[in-house]
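Subject: Handing over the structure

Dear colleague,

I am passing on to you the structure that we talked about, and below it you will find what came out of going through it. Please keep it open while you read, so that you can look up each place as it comes.

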Amino acid sequence: MRIVENPEMPGRAQNCPKADFQESSDQVTVQMKVLSSCHSSRASSLLPGFIICFLTCSVHRMGSAKFTVIGPPDPVAAILGQEAVLPCHLSPRMSAANMEVRWFRPEFVSFVHLYRDGKDQYEGQMPEYEGRTELLKAGLTDGNVPLRILNIRPSDEGQYHCFVQDGTFYEETVLELRVAGLGSAPLISVEGHQDGGIRVVCRSAGWYPEPEVLWKDFNGQRLPSLSETKSRGDNNLFETETVLIVTEHSNQNLSCCIRNTVLNQDKESAVYIADLFFPRVNPLMATLSVILVVLFAFIGLTVYLFKMKAKLTEEVVKRDLEIGKRNIEIDLRDKEISKRDTEIDLRDKEINKREKRNCSIRDKEIRWRRSVAPTEEVNVTLDPDTAQSQLVLSEDGKSVRWGDTWQNLPDNPERFDSRACVLGCEGFTAETHCWEVEVGDGELWAVGVARESVRRKGWISLSPEQGIWAVGQCGGQFRALTSPEAPLPLSQVPSRIRVCLDCDRWQVTFSDAGDGAPIFTFPPGSIPRERIRPWFWLGVGGSRLSLCP
C-alpha cells in the first residue's frame, strides 16, 4: 500500500508496513463493528440486517481497492497544428470520477492538466497549455483518463506523467509525445547550366523534426546531390534546399522526395528535363570560337605587354628621381651629423674643463676639511659576541664569511639571532673615524654603522628607522639602505669601500677606497647622538667581507 503525506508533491509517499498494519487493524475493527451490527440486526430483523452488513462490507472493500496506471508502450505521434490524445487508463477497470487525475511534465506542482473533486482545476496550470488541454471524461467510469492537447506545437514534444490518486493510494505512468510536421510539397526549379549540365534545385519548408531529403531517378534509385542545406525558420520549423547537376541522357527524369521520419510520410515532386534544354555545340561555330578566342588573346597580350613596358619605364624614371632625392637627403644628413659631432666635441671639452675645475675644488675642500677636522684611521675588529650563528669570523677578527651550518654559540643578549649581522668592537661618540672594507664580488652584502642599542633579536629592517645607516649590494643592484632604498647609479660596484663617521656633524659618508670617488652621504644630523659602532651584513650565500689594515 502507498501512503501520500502531501498530495501536491509526488514521490514523498513510501511503502510503510506500519501503516499497512494500522490500516489492517482499522479494517478488523470496522469488520467487528459491522458483524456486531449484523448480529444486533439479526436479533431484530434478519433480512434488513444482512443487507446493511453486505453494503457496508462492499463499501469498505471498494475504499481500499488498488489499481495500476497504464499508458502506451510506444511514443504517441502528433502533427503540428492539430490535436493529440495521450491515452491512459486504470487496471483493473474502475471508476475514476471521484479520483484525482494529474498530467504534468516535469514538475508535479506546475501541471499540464488537473482533474480533482469531480471537475477540472486550472489554477497553477503551465501558461503554455492554457486553453489547449481537455481531460476526456466520457470513459471516466471505466477508468479511462486520456488527455487531449489542441494546436500541437514543437515545444509540446517530450515526456508526460499520468498520475492518478484515490485517497492515500496513487499510481502513475510515463509516456512520450513525438511532434511531427509535414511541410510543403517540394518545389523543383531549374537554375541554369553548371559543370556541363543543368543545375536543379529542390526547396521545401515547414518540416518538423529535421526531414530526410533525397533525389531519385526514374527507377527509384537514389542520386547523389551536389549540396544540401537545412535550417530553422522563425517558427522553429525546418527549411531544406538541395542541389543536383543533371547531364544529358542521364537521369533526365527525376524526383525530389522529402520524408518525415516520425510519421513515415513523405512528399514528392517530379520533373523531366528535355534534351533541348541542354547546350548544343556546332563544329563550325566551335572552330570559329576557338579562332576568335586565340585572336583576342593575342591582341590582349600585345596590349598588355605595351602597357607593362610603359609602366616599367615610368617606374624606372620615378625610382631614379627618388634615388637622387634620397642622395641629397643623405648629404644634408651627413652635414648635420658632422655639425653635431663638432658641437659634441666642443661640449665634451667644456665638460672636461669643468670636471677638472670641480675636482680641483673638491680636492682643495677635502684637504681643507682634513686640516680643520683631522680624520682618525681606525683599526676595526669584529665583535664575536654579536655575530649571528651562521657567520664565521676569522681568528684575528678582520673578516667574516657565510657558514654552511648554524654554529652552537651561546644566545647572549648582544648576539643577532635572525639577521646575519655583526658589529665592530669599537664604538665612537666624537671626532671623525674612517675604515675600509673589502667587499669582493659578492651579490648580498652591506657595510655601514649602527647604534650600539640596535635591536639584536627577531627580524629587523635594514634602514635608519631601525638604527642602521649603510650601503650594499642586493638583488643585483648597488643601493643605499635608506627608507625607501635608493639605487646608486654606479657603472661598477667598488671592490673596497671607505666608511667615514663624522661624530661632530653626526653623519656617515661612503666613498670608493680606490679612487676616492664619493658614493653616498647620509645628511648631517641623521645619526642620533649616541655611541655608534661599525656594522656588517651578509646575505644567504654571500661572499667574504674583510677589514683592510
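Predicted model: local features only at pLDDT ≥ 70, side-chain atom pairs only at ≥ 80, totals over all residues.

Thr242 has its place in strand 17, which covers residues 238–246. With a relative accessible area of 1%, Thr242 is buried, since buried means under 20%. Its side chain also makes a polar contact with the side chain of Trp215, at 3.2 Å. If neighbours within four places in sequence are left aside, the residues in contact with Thr242 include Val200, Val201, Cys202, Val213 and Cys256, and Trp215 and Ser227 are also among them.

For the chain as a whole, there are 549 residues, of which 35% count as buried, and the chain holds three helices and 33 strands. Among contacts between residues at least 6 apart in sequence, 60% join residues at least 24 apart. The accessible surface of the chain comes to about 32,900 Å², and 54% of this belongs to carbon and sulfur atoms.

Next come the charged pairs. Side chains of opposite charge can pair when their charged atoms come close, and a search of the whole structure finds 25 salt bridges. In one of these, Lys457 pairs with Asp411, where the closest N and O atoms are 2.6 Å apart. Lys457 lies in the loop between strand 25 (445–451) and strand 26 (468–474), while Asp411 lies in the loop between strand 22 (399–402) and strand 23 (421–423), so the pair ties together parts that are 46 residues apart in sequence. Lys457 counts as partly exposed, at 28% relative accessibility, whereas Asp411 counts as exposed, at 62%.

A salt bridge also joins the side chains of Arg531 and Glu452, at 3.1 Å from N to O. This pair links distant parts of the chain, 79 residues apart, with Arg531 in the loop between strand 31 (518–521) and strand 32 (532–538), and Glu452 in the loop between strand 25 and strand 26. Arg531 is partly exposed, with a relative accessible area of 36%, and Glu452 is partly exposed as well, with 30%.

Salt bridges that share partners also join Glu191, Arg199, Arg203 and Glu241 into one network. Within this group, Glu191 forms a salt bridge with Arg199, and their closest N and O atoms are 3.9 Å apart. Glu191 is partly exposed, with a relative accessible area of 35%, and Arg199 counts as partly exposed at 22%.

Three strands form an open sheet in the order 3-9-8, and their pairing is antiparallel. Strand 3 (84–86) and strand 8 (133–135) stand at the edges with a single partner strand each, so one side of each is left without a neighbour in the sheet. From one strand to the next, the twist averages 20 degrees. Strand 3 is joined to strand 9 (residues 147–149) by three bridges, and Leu86 stands opposite Leu147 in strand 9.

Notes: Residues numbered from 1 in each chain as written. Heavy atoms only, no water. Helix = DSSP H or I, 4+ residues; strand = E, 2+ residues; numbered from the N terminus. Buried < 20%, exposed > 50% of the residue type's maximum accessible area, 1.4 Å probe, protein only. Contact = heavy atoms within 4.5 Å. Areas by Shrake-Rupley, 256 points an atom, 1.4 Å probe, with all protein chains shown as cover. Polar contact = N/O pair within 3.5 Å; in protein donor to acceptor, adjacent residues only side chain to side chain. Salt bridge = Lys/Arg side-chain N within 4 Å of Asp/Glu carboxyl O. Pairing = 2+ DSSP bridges. Axes fitted to C-alpha atoms, helices over the stretch in contact; angles between N-to-C directions.
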